[in-house]
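Student: I would like to learn how to read salt bridges in a model. Can you show me on an example?

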Amino acid sequence: QAIVDSGNAILDVWYEDVFDPETPIEGKEAMLATIFEFLGLHPGLRPQQRDQVRLLFHPDDGPLNSAATYRRIPGIDDVEARFGSDATGYLFR
């Protein structure tokens, strides 16, 4: 609420919306274009960029972040011990 009250422009983006396996690739690219426009960038992608972006829209093909990235988070082992499970997944298993 503090962000909304600040009066600054915001764009609400949820990971689940961007990486929803039920959303067609065209819908995901449209979301990306909206994000680019919000940031003041050209919304279109060149063919090579489109190919690279399409790989990112398949998180099941490989992790977006490596274990080394997560290891940089202070207290990450405590987070994994508390929240890691078969239902939610694990960072390091």
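Tutor: Start with R54, which is partly exposed at a relative accessible area of 32%. Buried means under 20% relative accessible area, exposed means over 50%, and partly exposed lies in between (1.4 Å probe, protein chains only). This is a predicted model: local features need pLDDT of at least 70, side-chain atom pairs count only at pLDDT 80 or more, and totals for chains, interfaces and linings use all residues. Residues are numbered from 1 along each chain as its sequence is written, and side-chain values use heavy atoms, leaving out hydrogens and water.

Student: What does R54 meet in a salt bridge?

Tutor: A salt bridge is a side-chain nitrogen of Lys or Arg within 4 Å of a carboxyl oxygen of Asp or Glu. Here R54 pairs with E29, at 2.6 Å from N to O. R54 lies in helix α4 and E29 in helix α3, so the pair ties together parts 25 residues apart in sequence. Helices (H or I, at least four residues) are DSSP runs, numbered from the N terminus.

Student: Is E29 buried or exposed?

Tutor: E29 is buried, with a relative accessible area of 16%.

Student: Which other residue forms a salt bridge with E29?

Tutor: R50 does, with the closest N and O atoms 3.7 Å apart. Helix α3 covers residues 25–38 and helix α4 residues 47–56. R50 is partly exposed, at 29%.

Student: How many salt bridges are found in the whole structure?

Tutor: Three. One of them joins R71 and D77, at 2.7 Å from N to O. Both count as partly exposed: R71 at 45% and D77 at 47%. Shared partners join E29, R50 and R54 into one network.

Definitions and conventions
Helix = DSSP H or I, 4+ residues; strand = E, 2+ residues; numbered from the N terminus.
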